[in-house]
Amino acid sequence: MPPRPSSTHFLCLPLVTGASRRQLSASLSAFSADVTSTDSFAIPEQAIRPIGTLHLTIGVMSFPKDEGLEKAVALLKTLIPRKILTNIKSAETTANAQESDKIVKEPSGPPPPLMPVTLKGLHSMQQTASKASVLYAPPVDTEGVLLKFCENLRSTFQEARLMARENRPLLLHATIMNTIYVKGRNRRGGKRHEKLTIDARGILDRYDDFVWMEDMPVEKIAICRMGAKKQEDGDEAYEVEAEIDLT
């Protein structure tokens with residue numbers, strides 16, 4: 001089997017908006033000040049992801065020399081997010097009604113608000129938290145609507161052969177810490193190109209119920225280019241190739 005081509009772009013739900021920035025900034029700043037302190041966990045500051053990079057990845061794509069990017073952008077612009085959400089919620093309502101033998105009524109009134117997202121807790125991407133390199137905050141998705149919505153988007157791009165099929169379920173997550181961004185990762189005795197790992201058990205315990213942001217509406221679906229870039233204000237962000245409103 002030929003090697004999988006390197007990813008160049010990703011489809012995502014950006015989490016930083018005018019409404020959410022204050023919450024996320026305060027949460028991330030407090031977390032960074034805590035875990036990077038020598039009196040605490042002494043995590044290298046470079047491992048903490050900048051606020052402008054926070055997003056929920058739906059899937060990754062490979063467009064060498066941008067070949068195929070135009071098709072992905074065109075497909076994105078055909079999506080009607082509110083219709084997808086309505087269908088998901090209607091299916092849930094119908095299933096619940098059938099279970100309770102109730103009559104399903106067509107939704108009426110104004111359209112529902114933008115999808116609110118709450119990030120709560122902290123998990124390790126690695127199974128062994130004592131040797132972690134990536135920590136992430138999961139979205140609260142009690143009814144599974146957010147996951148089904150993102151799965152629908154991912155399937156649409158996969159069926160168009162613009163996104164590789166994954167042999168694993170979609171894990172929605174906002175990366176909070178990633179040691180791959182720590183320069184000279186041999187500072188703890190390992191070889192320069194070895195992955196820096198940390199014992200994150202204490203961090204995970206401390207931030208198990210931490211709320212990073214609460215009930216903040218997602219506003220866009222975006223195709224971004226890999227590799228966050230420095231911004232004039234000192235933050236970092238991914239270059240947006242195309243985006244649509246979540247309305």
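Which strands each supply at least two residues of the lining of the largest pocket? I kept this question in mind while I looked around.

**Entry 1: ground rules**

I am reading a predicted model, where local features need pLDDT of at least 70 and side-chain atom pairs count only at pLDDT 80 or more, while totals for chains, interfaces and linings use all residues. Residues are numbered from 1 along each chain as its sequence is written, and side-chain values use heavy atoms, with hydrogens and water left out.

**Entry 2: the whole chain**

I found five helices and 11 strands in the chain. Helices (H or I, at least four residues) and strands (E, at least two) are DSSP runs, numbered from the N terminus. Of the 247 residues, 41% are buried; buried means under 20% relative accessible area, exposed over 50%, and partly exposed in between (1.4 Å probe, protein chains only). I also looked up contacts, meaning heavy atoms within 4.5 Å. Among those between residues at least 6 apart in sequence, 75% join residues at least 24 apart.

**Entry 3: the largest pocket**

Back to my opening question: strand S2 (55-61) and strand S6 (174-178) are the answer. S2 gives the most to this lining, with five residues. A pocket here is worked out on a 1 Å grid over the protein atoms alone, as an open set of points with protein on both sides within 12 Å along at least five of seven lines; a 1.4 Å probe fits but cannot get out of a cavity, and lining residues have an atom within 4 Å of a point. The largest pocket has a volume of about 1,100 Å³, where volume is the space filled by probe spheres set on the points, and points are joined across faces, edges and corners. I noted 37 lining residues, with Thr57, Val60, Met125, Arg168 and His173 nearest the centre. By class, I wrote down 16 nonpolar, 13 polar and eight charged residues. Ala, Val, Leu, Ile, Met, Phe, Trp, Tyr, Cys and Pro count as nonpolar, Asp, Glu, Lys and Arg as charged, and the others, Gly among them, as polar.

**Entry 4: the second largest pocket**

This pocket has a volume of about 290 Å³. Its lining has 17 residues, and Pro14, Leu15, Val16, Gly52 and Val240 lie nearest its centre. S1, strand S8 (220-225) and strand S11 (240-245) each supply at least two of the lining residues. I read the classes as nine nonpolar, four polar and four charged.

**Entry 5: a sheet**

I traced an open sheet of four strands in the order S2-S1-S8-S11, with antiparallel pairing. S2 and S11 are the edge strands, each pairing on one side only. Two strands pair if DSSP finds at least two bridges between them; S1 and S8 have four, in the antiparallel sense. Leu11 stands opposite Ile223 in S8. Helix H2 (residues 69-76) packs on the sheet and touches S1, S2, S8 and S11, its direction making about 175° with that of S8. For such angles, axes are lines fitted to C-alpha atoms, for helices over the stretch in contact, and the angles run from 0 to 180 degrees between N-to-C directions.

**Entry 6: two loop residues**

Is Ser20 buried or exposed? Ser20 counts as buried because its relative accessibility is 0%. I found Ser20 in the loop between strand S1 (9-14) and helix H1 (21-35). Not counting residues up to four places away in sequence, Ser20 touches Leu15, Met213 and Met216.

Glu194 sits in the loop between S6 and helix H5 (201-206). Glu194 is partly exposed, with a relative accessible area of 40%.
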